[in-house]
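The sequence and structure come first.

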Amino acid sequence: MKLAVFLSDWRRTEDSFERIKADKMGVVLVGNGIYHAVVKENGKDSPVLSKAGASFYVLSDDLETRGYTAAQVNSKVKVIGYGDIVDLIMNDYEKTAWL
């Protein structure tokens, strides 16, 4: 299964996210979920970014709304727009989930 997971929360339990398994996974950081792409705690990346085999994306509009720029995004994360999300859903992933 090819799964796109939309993550919209900064503070959440790791359990739900860690239990998700897919042959191909894309994690799209939206809303307050964008903080996983830009904030380090105690000098460490968000644990979300350590999901093995996942591709990470962050919505540019949500970054800008919260005062961040693409230059501040972790190098593991690709900055994308709304059109790119549509392309990912239609071309790269069979199913979507929202956490």
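A nonpolar core is a set of buried Ala, Val, Leu, Ile, Met, Phe, Trp, Tyr and Cys residues joined through side-chain atoms within 4.5 Å. Buried means under 20% relative accessible area, exposed means over 50%, and partly exposed lies in between (1.4 Å probe, protein chains only). The model is predicted: local features need pLDDT of at least 70, side-chain atom pairs count only at pLDDT 80 or more, and totals for chains, interfaces and linings use all residues. Residues are numbered from 1 along each chain as its sequence is written, and side-chain values use heavy atoms, with hydrogens and water left out.

**Cores**

The largest nonpolar core has 19 residues, and Val27, Val58 and Val77 have the most contacts inside it. Two or more residues of this core come from each of β1 (2-7), β2 (24-29), α2 and β3; helices (H or I, at least four residues) and strands (E, at least two) are DSSP runs, numbered from the N terminus. A second, separate core of 10 residues has Phe6, Ile80, Leu88 and Tyr93 among its members. In soluble globular proteins, nonpolar side chains tend to be buried together.

Contact means heavy atoms within 4.5 Å. Not counting residues up to four places away in sequence, valine 27 touches Val5, Leu7, Phe17, Val48, Ala54, Ser55, Phe56 and Tyr57.

**Salt bridges**

A salt bridge is a side-chain nitrogen of Lys or Arg within 4 Å of a carboxyl oxygen of Asp or Glu. The structure holds two.

| Pair | N to O distance |
|---|---|
| Asp45 and Lys40 | 2.9 Å |
| Lys76 and Asp45 | 3.6 Å |

Lysine 76 lies in the loop between α3 (60-65) and β4 (77-80) and aspartate 45 in the loop between α2 and β3, so their bridge ties together parts 31 residues apart in sequence. Shared partners join Lys40, Asp45 and Lys76 into one network. Lysine 40 is exposed at 51% relative accessibility, while aspartate 45 is partly exposed at 28% and lysine 76 is partly exposed at 43%.

**Loop between α2 and β3**

Lysine 51 is also found in this loop. Lysine 51 is buried yet has no salt bridge, and the nearest side chain of opposite charge, glutamate 18, is 4.3 Å away; Lys and Arg count as positive and Asp and Glu as negative, with His and the chain ends not counted. Leaving aside neighbours within four places in sequence, lysine 51 contacts Phe17, Glu18, Ile20, Met25 and Phe56.

Asparagine 42 is found in the loop between α2 (35-38) and β3 (54-59). Asparagine 42 has a positive phi of about 55 degrees although it is not a glycine, and counts as exposed at 79% relative accessibility. Most residues other than glycine have a negative phi.
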